[in-house]
Amino acid sequence: SKMTKFYSLLAASIFAVCMNAQTAFYSENMGTPSGTTTLAANIFQVGPPVTYTGTADVRNNSGSAGYTGASAGGNILFNTLNENFIISGIDTSEYENITLSFGHNKTVNNSSNELTVEVSTDGIVWTPLTYTRPTGSGTNGWVLITASGSIPTTENLRIKFNTSTVTGGLQFRIDDVSLSGTLIVLGTDNAIATKASLVKNTVVSNTIFFAAKSDV
């Protein structure tokens, strides 16, 4: 019937809109250490299968502040050359158009993006992401960074932060690492109809959804 087709199209359309929305699916605030803590000893917000390795450590001073979502508490400190922090085991396989954001702190005004960020699917080949932040007088402190570049859809994403330059008292800290993406939508009418049926009798934004039914 025409009414059945209307509800079928309505459910499928709203489902498609919902699936195109950015969803934050990983967020890490580095926990709440009582002092300087090794990565291995720290209790992170997100546990296994996600792991945290490297030569940096976790600090409880100079907590993140000044941007939306700043969690204070623990943060990762980089204060020597080629010091690194690697997050492994993040499942991004259900998402596309993935973006990475993180709180970023520098201690020297004339620095910018000397803390490098790379991603990998195997821990061997690393692809750099890029970002910039304000530099010059009064630009030290915390800001929220959104990196540019391609982040892969994989069952085991690795993210590596590494100090390429540490001179003149320069230190970096990071906090509130977050990944967002859009859910991957199966590309067939049957798949959309199947997904649309999941919203049966659900009220979202004052709209009532009905399961799609095929004509007989």
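## Strands S6 and S11

Strands S6 and S11 pair in the antiparallel sense over 5 bridges. Two strands count as paired if DSSP finds at least two bridges between them. Strands themselves are DSSP runs (E, at least two residues), numbered from the N terminus. Ile87 has Ile159 in S11 as its bridge partner.

This is a predicted model: local features need pLDDT of at least 70, side-chain atom pairs count only at pLDDT 80 or more, and totals for chains, interfaces and linings use all residues. Residues are numbered from 1 along each chain as its sequence is written, and side-chain values use heavy atoms, with hydrogens and water left out.

## The open sheet

S6 and S11 belong to an open sheet of 5 strands, in the order S3-S6-S11-S8-S9, with antiparallel pairing. Which strands stand at the edges? They are S3 (51-54) and S9 (127-129). Each has a single partner strand, so one side of each is left without a neighbour in the sheet. From one strand to the next, the twist averages 25 degrees (axes are lines fitted to C-alpha atoms, and angles run from 0 to 180 degrees between N-to-C directions).

S11 (residues 157-163) also pairs with S8 (residues 115-120), in the antiparallel sense and over 6 bridges. Here Val119 stands opposite Ile159 in S11. Strands of a sheet pair through backbone hydrogen bonds, either parallel or antiparallel.

## Inside S11

Is S11 enclosed or open? 7 of the 7 residues of S11 are buried, so the strand is largely enclosed by the rest of the structure. Buried means under 20% relative accessible area, exposed means over 50%, and partly exposed lies in between (1.4 Å probe, protein chains only).

The side chains of S11 point two ways. Leu157, Ile159, Phe161 and Thr163 point one way. Arg158, Lys160 and Asn162 point the other way.

## Charges

A search of the whole structure finds 2 salt bridges. A salt bridge is a side-chain nitrogen of Lys or Arg within 4 Å of a carboxyl oxygen of Asp or Glu. Side chains of opposite charge can pair when their charged atoms come close.

Lys160 forms a salt bridge with Glu118, and the closest N and O atoms are 3.8 Å apart. This pair links distant parts of the chain: Lys160 is in S11 and Glu118 in S8, 42 residues apart. Both Lys160 and Glu118 are buried. Lys160 also lies over the face of Trp126, at 4.5 Å from the ring centre. For such a placement, NZ of Lys or CZ of Arg must be within 6 Å of the ring centre and within 35 degrees of the ring normal. Asp57 and Arg59 meet in a salt bridge too, at 2.9 Å from N to O. Asp57 and Arg59 are both buried.

## Aromatic pairs

How many aromatic pairs does a search of the whole structure find? There are 8. Rings of Phe, Tyr and Trp (its six-membered ring) pair if their centres lie within 6.5 Å; planes under 30 degrees apart count as stacked, over 60 as edge-to-face and the rest as tilted. The ring centres of Phe25 and Tyr95 are 4.1 Å apart and their planes stand at 10 degrees, so the pair is stacked. Phe25 lies in strand S1 (residues 22-28) and Tyr95 in strand S7 (residues 95-106), so the pair ties together parts that are 70 residues apart in sequence. Tyr95 is buried, with a relative accessible area of 13%.

Phe44 and Phe85 are also stacked, at 6.3 Å centre to centre and 20 degrees between the planes. Phe44 sits in the loop between strand S2 (37-38) and S3, while Phe85 is in S6 (residues 84-90), 41 residues apart. Phe44 is buried at 11% relative accessible area, and Phe85 is buried at 0%. Ring pairs link Phe44, Tyr52, Phe85, Phe102, Tyr131 and Phe161 into a cluster.

## Backbone details

The peptide bond from Pro48 to Pro49 is cis, with omega near 10 degrees. Pro49 lies in the loop between S2 and S3.

Ala72 has phi near 55 degrees, a positive value in a residue other than glycine. Ala72 lies in the loop between S4 (57-59) and S5 (75-78). With 34% relative accessibility, Ala72 counts as partly exposed. Asp176 also has a positive phi, near 55 degrees. Asp176 lies in strand S12 and is buried, with a relative accessible area of 11%.

Conventions:
Helix = DSSP H or I, 4+ residues; strand = E, 2+ residues; numbered from the N terminus.
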